[in-house]
Each structure stands twice: as C-alpha cells, then as structure tokens.
Amino acid sequence: MASKEAYITGVGQSEVGVRLPRHPLLLTLDAAKEAVAEAGLTFDQIDGVFSFPGKVNGYLAFSPVGTDEVIEALGIKSKWQMGAMEQPAQLAAIAMAAWAVKSGICRHVLCFRTVYEAGGMADPAHYMPARSDTVSGASQWTSPFWATSAACWTAQYAARHVHQYGMTREQLGQIAINGSKNAMLNPRARAITKEELTLDKYMDARLISTPLCLYDCDRFSDASTVIIVSAGDALDEIKCEPIRIAAMSGSVDRYSWDQVEWPAAYDAGRDLWQHTDYTVDAVDTAQFYDGFAFLPITWLEGLGFCEKGEGGRFIEGGTRIARDGQLPLNTAGGQLGAGRLHGFGFAHEAVTQLRGNGGERQIPGDPKVAVATSGGGPLAAALLLAKD
Amino acid sequence: MNPPRPRPKLDQENTAFWTGGSEGALRIVKCGDCGQFTHPPRVLCRHCQSENISAEAVAGTGVIDTMTINHQPWAKGLEVPYVIARVALDGVPGVYLTTNIVNSPVEEVSFGDRVKVVFEEQEGIFYPLFEKVG
C-alpha cells in the first residue's frame, strides 16, 4: 500500500569534534540511538538504510561507515539499502529514502552521514588515501594545474560573481560571521567555534583562493548525523511531531566543475518550487550548504530569495540572515561554524528549528517551513520541509 | 622549485589532449558529423552521440573567463601565489580549460585578458598553460 507522503521523524547527532577518539561506527550508533529515541521507534522497526556516499574504502576519513555495517551492528532487518556517491549531492540519500517510503517499499528508513576527516588525519595509514602522483577521471582537469581543492573550483565561481555583480569581501564575510554567532549558541559546535568571528578578523584572514579566505572554508570534523524518514501511513508508530518532506529537487550539471558557468544550485533551486504549492515567501528558515561561503549565495539566488547577482547585497550587514531577521540562515552555525557534517547537518537543523528544539538558538515565532540544501559545483539537492 | 605536477593517467580518451603539445598542438575532440566539440574528451560526440570524432588542433588562443589567485600551497614546496584561470578557447564554443596563467605577475592578470597556450613538458605529458598575449 503506497503512502503519498514522506516525513522526517527522528533526527540525531553524535558529539561533533576534532580528532575524536571515539570510533566512527560508535559515533554513528550515538546518532542513530538519539534519532530512533526521538521518533519513538526501535531499531527493529527500521526496514531501510540509506547513505551518501556509502563506505569509501580508499578514503575512510571521508566516509568511514557503510550501510552494510550499520545494518549488521544495529541489528536492523533491512529490505532496501543504498550507499552511493553517484547522487545529486548529500541530501539526495534522504530524497531517495522519501521515494522508498512514498512507494510503499519501506516504512522507516534510517539515513546517515558519518565523517571522520579530522580524526582520520591522526591515523593516515588507515584513513587517508594512498599517495599517488597520477590523477584520472574528473580530477585530471584540475589537479595538474594545482587547482587541487574544491576551494579553488568554488573560488572560480565566486570570483565571477565578484567581477560580474560586485560582491565584496565584507558582504561574503557575513556567511561565516553569521555562522559563528549561531555556533556560539549551539552546544554541539563547542569544538569547532570557540569565539565569535568579527568582520575585522575576517578581513585580516589569510587568503586561500581569492575571494575565499580561511574562514570561508569549512573545517574537518568527526561526527555522525542520522535522519529517519517515515511513511505517511506509518505515523501511528511514531511519538514525535512529523515534519513533511513537502518537495525535493536535485540537479547534476554535466558533472563538471569547469565546463558550466554557475553551480547546479540554480537549477535545483528553480526546480524545487515546481513540486509544491508553497512559494519562497513561505520559508521561515534556510539551512544552506556552506562547505564554502559562496555556496549559500548561489542557493539564495537559485531558490529565488533574491535576484541572480543580488546575493551579496541580500546578506550585507548580516541583519537579514540573523536569527531574528527576515530569513534566519544556518542557525546551528552551518559547516563553517559547526563543522563539516557534509550536508546532513542542514536537514537536522531544519527539523530542530521546526520543532522548536533549538534551545538558545531557536528562532522566534513558530516556524513552519524550512529549506535545507546540499551540494556545490555540478551537484545540488534541496529539501523543502514543512510542519503542516 | 615547484614539485612535479600531478600526472594524468593516459587512456584512449585523453592521450591526444595530454600529448598534443609534443607537436605544439592543443587538441580538442571534434565531431566529424555535427562539427561540435566535446571536452572533456570522450569516444563519442556529446552533442549528437556520433562515434565519428577526432582530436583536432585548435587555435590555442582564448580569453580568461574567470580566475582566482591561489594562496594556499596544496603541495609541499609549491610556490604561491599563482593564478588558476578558466580559459574560453577561440573557435571552440562551449569548451573551457582550467589552467594556470604563467609569465606574468599575478596582479597583472585579470578577467577578459587575451591569452595563448604554452606547453610545459614533464615526462611526456604536455601541460597546456597559458600566457598573456602582447
């Protein structure tokens, strides 16, 4: 019996740290326990496990835990599982889980993303990729020119925005500054943000790849985030306020960082509104992927919060995106302020805010609609979440 | 002294691109049927899926479409800052190359600059770098 709707029920998160001694599978367990407890479920009610990107054996720091071992270690009797890199960005794993429950093939799907990118550096032989002087696949078009990091690739888009529309560093800096202010009120961000970032400090920061400076790049962290997706006809089994996945969109633009003019966020942003009666004006809070500070600008413009080219002016001064502003942004601190949770943190925080569980960082009013996004460059996926 | 550049692993699709510089040629895959270009190189035309393709020498000139000044040494001993640019190639609509702009101080490189290819060889790989024209 197919259920037409998919809901996020439980959300959970482990401790977020830098070089945590706790094994990544145990971090995943911590997040999973919290999520099922919140949903009022037990592991034996879970019948699907989905993840992005699945265990990456050649680079365990990036993704140390796969769906196989979560199923086995948590005693889950799973019908459908999926752990894959080839998806339109991180939140696509949650979107795929939504399709699974909508079609009736699963009732409660546990979705997770575990990262061990800080801890992994302490044990490179086990967690880091083997050193190689050769490159193949997509990286052969960038690495030979020492465009080694996604920071360099994102900088190319950001620099175009500066050139074409006049975005200033003072404007761009508001993403990291806003993130740090919110992170100061997030108990799980203590290891990542220890003091508020000021504009002066931002402007003095070491440049990485113009216009991006050190504070525009997220920080490796160790953590796990779990999101439970439940079928509309299984809500009688849960004990929390369900949050509906009102719309979702994904886009892959040629899988290329350098053959396209702008990141895929513009396509996925536009497309999201084709799947819902809600409009951009209904959104009470935005949780935008900020692996690099420029990416939220692309989501602001792509989703239509402002015109293309106006993103810098939209966030100028930071008041509009503050917790008490017109569009509270990255209220847990984002990845810049609260660590590189790699996409799933945005869905976690959207649900936290919609349920009024934000504690000191809770936004005012009674937020009903949130948008969470993930991806960068050629990859993009967005979720519209509603308490309705 | 900069470390050696990462070396592309040569295969059926990319060899013409990475070795064309031995004959001074920047080679981009062109379709013999529809006449359009495919980059990254493939064994088929990405526009019409024809298999009648070949890597053709192009002008090797272009314009800086976007650029960043990179300050972070991503490898030990890498000299910074340097320019990473995306070059739009003349006569090759829709194809861009990520590359370095060399032989100019970084502060003298900007959007819209005209550039031409200069190959840097390293053990049989000819890296297409670009320098400002005039």
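1. Helices here are DSSP runs of H or I with at least four residues, strands are runs of E with at least two, and both are numbered from the N terminus. Keep in mind that this is a predicted model, where local features need pLDDT of at least 70, side-chain atom pairs count only at pLDDT 80 or more, and totals for chains, interfaces and linings use all residues. Residues are numbered from 1 along each chain as its sequence is written, while chains are lettered from A and ligands numbered from 1 in the order in which they are written.

2. Now the helix itself. α3(A) covers residues 92-102 and is mostly covered, with nine of its 11 residues buried. (Buried: 20 or more other C-beta atoms lie within 10 Å of the residue's own, with C-beta atoms placed from the backbone.) Among the buried ones are Ile94(A), Met96(A) and Val101(A).

3. Zooming out, chain A has 12 helices and 12 strands. Its C-alpha trace spans about 55 × 50 × 40 Å along the principal axes.

4. (Axes are lines fitted to C-alpha atoms over the stretch in contact, and angles run from 0 to 180 degrees between N-to-C directions.) On the α8(A) side the contact includes Tyr266(A) and Arg270(A), and on the α9(A) side it includes Leu295(A) and Trp299(A). (Contact: C-beta atoms, placed from the backbone, lie within 7 Å.)

5. What about the partner chain? The contact takes 26 residues from chain A and 27 residues from chain B. On the chain A side, the largest share, six residues, comes from α5(A).

6. Strands also cross between the chains: two bridges join β5(A) to β1(B), residues 7-8, and these strands run parallel. (Strands pair if DSSP finds at least two bridges between them.) Here Thr134(A) stands opposite Arg7(B) in β1(B).

Definitions and conventions: Two residues are in contact if their C-beta atoms, placed from the backbone, lie within 7 Å. A residue is buried if 20 or more other C-beta atoms lie within 10 Å of its own, exposed if 12 or fewer, and partly exposed in between; C-beta atoms are placed from the backbone.
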